[in-house]
Amino acid sequence: MSTMPVSPVSPASTSVPTPLVVSAAKARLWMGGALLFGLLAYYFIGVDQGAVSVFGGDMHIHEFVHDSRHLLGFPCH
Amino acid sequence: MEKRIITRGLLAGALAGLVAFCFARIFAEPVIGKAIAYESGRDAAQAALNQAAGLPVDSGGPDIFSRTVQSNIGIGVGLIGFGAAMGAMYAVVYLLCLGRVGRIQPKVLALLVAGAGLAGIYLVPYLKYPANPPAIGHPETIKPRAALYLTMVVCSLAFILAATWLGRRLAPRFGNWNASLLAALGFAVAIGIVMAILPSLGELSANVHLYGHHATETPLPLADPKGNIVYPGFPADVLFSFRFYSICNQVILWGTLALAFGPMAERVLRPVMERAETTGGAGVTAATV
């Protein structure tokens, strides 16, 4: 902490603004994986076994997360 | 670097879900219990009416999980899962925003992205289709309701993205403050048009057919064939409490996410940025660090 170099660009560099740009192409594996995980979890917690269902008439997921589905604002039966 | 940021997003999101669960278990669950009690009582009254009229009595579906499981474990898994999902996607958006939305401090950017997530995923769709407790929502309209709700989510997220882009375009000419206000105005107009076009839930054709014209699906009093009210409409105070706690829950979730993620992200980013500044490069690609 105390050995932080003083930069001419931002003199008060204890908190640095954000100049760096992350290339989406180079980070695509991690970014894509994170987005896929997020969308799948969103779908199964919020939507599945309601309007559409990947497990047909089964209602286990729907019934299990039932209360959170209501509270998070998703439409429910 | 992107790996470290994303795992921190995931972690902060799961923590946010845990905090939201604690809140929900204490404050929201009693209200959900009241809503379910109302629903059971109403179903019983309806069954008695049907029996008296010689109509078939709807037995209702079997309970797969007990209320104890749903209100203690199910809601926890749901909220922590939702938090982790939001945290992972939030971290990706955060990474993409770095250096592309102006020179903003890492912790401030963490708050701004979380604010956009809260608004886009929950708050703006809520303005048109607010959260409903159990007992509100007709099973026969679940398909259009889900489609309409997700339409609002997609539109508000897309318009926030567009407004961010617009704000950046206008900033050189109007300055940051005025450009941000103009972009926000554009967002409000665009989402306002969508909200005006989309139907109210009570006006869905299945609802109009079964119940007549109403704004929402909130249950009205149940009357016997002579018109005497045999069971009241959904209690207004329970509805308010549920919707209020629903908002609190999401604000807590996104707030915890931002406050937990911000300092962690700053710790990851600081050395990277300092290296970039000392080497004089304004931009650094993730793969090099």
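Let's start inside chain B, where B:E217 and B:R145 form a salt bridge with their closest N and O atoms 3.3 Å apart. A salt bridge here is a side-chain nitrogen of Lys or Arg within 4 Å of a carboxyl oxygen of Asp or Glu. This pair ties together distant parts of the chain: B:E217 sits in the loop between α5 (205-211) and β1 (222-223) of chain B, while B:R145 belongs to helix α4 (residues 142-197) of chain B, 72 residues away. Helices (H or I, at least four residues) and strands (E, at least two) are DSSP runs, numbered from the N terminus. Both partners are tucked away: B:E217 is buried at a relative accessible area of 5%, and B:R145 is buried at 4%. For the record, buried means under 20% relative accessible area, exposed over 50%, and partly exposed in between (1.4 Å probe, protein chains only).

A quick word on what you're looking at. This is a predicted model, in which local features need pLDDT of at least 70 and side-chain atom pairs count only at pLDDT 80 or more, while totals for chains, interfaces and linings use all residues. Residues are numbered from 1 along each chain as its sequence is written, chains are lettered from A and ligands numbered from 1 in the order in which they are written, and side-chain values use heavy atoms, with hydrogens and water left out.

Back to the charges. Over all chains there are 5 salt bridges. One of them crosses between chains: B:R67 meets A:D67 at 2.9 Å, N to O. Here B:R67 lies in helix α2 (residues 67-97) of chain B and A:D67 in helix α3 (residues 66-71) of chain A, so the contact joins two chains.

Another bridge stays within chain B, between B:K107 and B:E266, with the closest N and O atoms 3.6 Å apart. This one also links distant parts of the chain, running from B:K107 in helix α3 (residues 106-128) of chain B to B:E266 in helix α6 (residues 236-278) of chain B, 159 residues apart. B:K107 is partly exposed, with a relative accessible area of 41%, but B:E266 is buried at 9%.

Now for the rings. There are 18 aromatic pairs over all chains, where rings of Phe, Tyr and Trp (its six-membered ring) pair if their centres lie within 6.5 Å, and planes under 30 degrees apart count as stacked, over 60 as edge-to-face and the rest as tilted. In chain A, A:Y43 and A:F44 have ring centres 5.1 Å apart and planes at 75°, so they are edge-to-face; A:F44 is partly exposed at 25%. In chain B, the rings of B:Y122 and B:Y126 are tilted, because their planes are at 50°, with centres 5.3 Å apart. Those two tyrosines share helix α3 of chain B and lie 4 residues apart, about one turn of the helix. B:Y122 is buried at 0%, and B:Y126 is buried at 11%. Elsewhere, B:F23, B:F27, B:F240, B:F244 and B:Y245 gather into one aromatic cluster.

Finally, the cysteines. There are 0 disulfides over all chains, a disulfide being a pair of cysteine sulfur atoms within 2.5 Å. For B:C22, the nearest cysteine sulfur is that of B:C248, 15 Å away; B:C22 is partly exposed at 41%. B:C155 is in no disulfide either, with the nearest cysteine sulfur, that of B:C97, 20 Å away, and B:C155 is buried at 17%.
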